[in-house]
Amino acid sequence: YCVITLPFEILKKIPNDLSPEFKKAVDGSAPFGFYKVAWESRRFWERDYNIYGGISYLTQTPYVLWALAPVPSVVWYPSAELMRPNGILVSGYGEEQNTAFGAMSLQEKFDASRAPVERLHPGHGKDLKNPVFCGWRRVKWNEGSWIRSYGGGLDGYNTLIEADGPIYFAGDSVSKIPGWQE
C-alpha cells in the first residue's frame, strides 16, 4: 500500500501511475496561496491595552472575505509567554495570489502590514521591528497553503477519498475542512 500525504503541487511533479480519474483530480487541483507577516515588538497590546491573545479584525466581513482582502486587515496577538518584554505579533494573514498585496514588493508588504497595527493602536506601528514574511506558495516542498479546488470539482474530491488500487490519500487535501490546523 501507499498512503500519499504530499501536497498536490508536489505530487504533480513526481512520475506516478495514478489511474486517469485520480490523475485528473490531482493534476487539475489548485492550492490557495496564503501568507503571514509577523513582527517582533514590545508587548504594547498587553501593557497598554490589556489584550492577552486573540485576533482583531479591521472589517465586519466574514472570514472568507477578510482573508481574501487585497491588503492586511487582521492583527493576531500571541497567547503564549504573556507579559514577557517582547512578543511576535501577526499583522498580515490572507490570500496573496491575485491580490494587490501579492503584486507588492517585500518592503511594500511590510509597510502594508504595519497599517492595521497603526489603525487599531495609533502610534504603535513604530514598535514593530524585524519583520518576517511567509508566502506558502514559495515554501519548497509545499508550494501552497492548502487546497483551493480539485480537478473535476466535487467529483474530483469524491474520487480522491477512495482508493486507487493500493494507493490512498490522506491529509488536509482530502479533508472536508482543509487547512493547516485541520
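**From contacts to cores**

Of the contacts (heavy atoms within 4.5 Å) between residues at least 6 apart in sequence, 73% join residues at least 24 apart. Please note that this is a predicted model, in which local features need pLDDT of at least 70 and side-chain atom pairs count only at pLDDT 80 or more, while totals for chains, interfaces and linings use all residues. Residues are numbered from 1 along each chain as its sequence is written, and side-chain values use heavy atoms, with hydrogens and water left out.

The chain has seven helices and nine strands; these are DSSP runs, helices being H or I of at least four residues and strands E of at least two, numbered from the N terminus. The C-alpha trace spans about 60 × 30 × 30 Å along its principal axes.

Of the 182 residues, 42% are buried, that is, under 20% relative accessible area with a 1.4 Å probe, protein chains only.

Which residues touch the most other members of the largest nonpolar core? They are Val37 and Leu89, in a core of 15 residues. Such a core is a set of buried Ala, Val, Leu, Ile, Met, Phe, Trp, Tyr and Cys residues joined through side-chain atoms within 4.5 Å. Two or more residues each come from β3 (34-42), α3 (44-47), β5 (74-77) and α6 (106-120). Apart from this core lies another, of 14 residues, including Leu11, Ala25, Tyr150 and Leu160.

Leu89 itself, leaving aside residues up to four places away in sequence, touches Val37, Trp39, Phe44, Val75 and Val117, among others.

Definitions and conventions:
Buried means under 20% relative accessible area, exposed over 50%, partly exposed in between (1.4 Å probe, protein chains only).
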